[in-house]
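My entries follow in the order in which I looked things up.

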Amino acid sequence: MNIISAKNYSDLSRRAAGFIAAQVTLKPDCVLGLATGSTPIGIYRDLIERYRRDELDFSRVRAVNLDEYRGLAPTHPRSYAFYMREHLFEHVNIDEDDCFLPDGLAEDAEVECARYDELIEELSGIDLQLLGLGHNGHIGFNEPGDAFIPDTHLVTLSESTIEANSRFFDEGEAQPTSAYTLGIRGILSARRILLVVSGASKAEALQSALCGPVTPRCPASVLQLHPDVTVIADEDALSKMGL
Ligand code: F6R
């Protein structure tokens, strides 16, 4: 595991964007596994700038997102499909037909989960998976539990995750309580993984993930088993690592 210490959030964003840019340059038709949330916003902004400077070409890139709320249409402003268009897809030359997320409106959750895993297989897997880290150690929406769940599945979100994500919803606005997520096998099958973590509030989760036992109680700890993980974290997030 390669751990890169960034000075602050903007340094983290620049370094992580450079990492993704290198992937796209080396393999222009790569499959990027993408994440939403606050942490990647600066990374996507930096990638857009690189594209505008003619340094990056997304025309052959395929993008597969980690997760999506159940019950939200892709046009819903809180859906992850909307987020991805707003923060990246609309601003670069990626083909929208090559951008994939679980369908939040799918009638049959089981069928949707199987479809998503098959789709990733048809794309020959993910070259680089970008991950954020939840305060409770979640990756994607793989919440702490008794066992790692391998395949794409529907999750009932934990209270702490609903609370953490409430900042994206207006007061009184109905917030989804379940979501589709890639499972642990899906994440670990990516050829390379880039975990980005910012802020002191994540320091404990990061310490447990990287230095604690590998346990489904801290889903991110499973990354210790992957042969090619790079962690880019700012100094605040690394503050409990004793580096
Ligand atoms: C989002 C996702 C989540 C987030 C995590 C951290 O697609 O999969 O696991 O990466 O909740 O979110 P932020 O970056 O908002 O702290």
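**Ligand site**

I began with Thr39, where a polar side-chain atom lies 2.4 Å from an oxygen atom of the ligand. I note that the model is a predicted one, and the distances here are computed from it.

I then looked up Lys202 and found a polar side-chain atom 2.7 Å from an oxygen atom of the ligand.

I next checked how far the protein covers the ligand. Taken alone, the ligand exposes 400 Å², and the protein buries 93% of that.

Which residues of the shell are closest to the ligand? I counted 13 residues around the ligand, the closest being Thr39, Asp67, His138, Gly140 and Arg167. By class, the shell holds 7 polar, 3 charged and 3 nonpolar residues.

The largest pocket is the space that the ligand takes.

I turned to the strands and found an open sheet of 7 strands with parallel pairing, in the order 1-10-9-6-2-3-5. Strand 1 (2-6) and strand 5 (99-100) are at the edges with a single partner strand each, so one side of each has no neighbour in the sheet.

Inside this order I picked one pair to follow. Strand 2 (residues 31-34) pairs with strand 3 (residues 62-65) in the parallel sense, over 4 bridges. What stands opposite Leu32 in strand 3? I found Ala63 there.

Note on methods:
Residues numbered from 1 in each chain as written. Predicted model: local features only at pLDDT ≥ 70, side-chain atom pairs only at ≥ 80, totals over all residues. Heavy atoms only, no water. Pairing = 2+ DSSP bridges. Helix = DSSP H or I, 4+ residues; strand = E, 2+ residues; numbered from the N terminus. Near = heavy atom within 4 Å. Polar contact = N/O pair within 3.5 Å; in protein donor to acceptor, adjacent residues only side chain to side chain. Areas by Shrake-Rupley, 256 points an atom, 1.4 Å probe, with all protein chains shown as cover. 1 Å grid on protein atoms, 1.4 Å probe; cavity = no way out; pocket = protein on both sides within 12 Å on 5 of 7 lines; lining within 4 Å. Sits in = over half its atoms within 2 Å of the grid points. Nonpolar A, V, L, I, M, F, W, Y, C, P; charged D, E, K, R; others polar.
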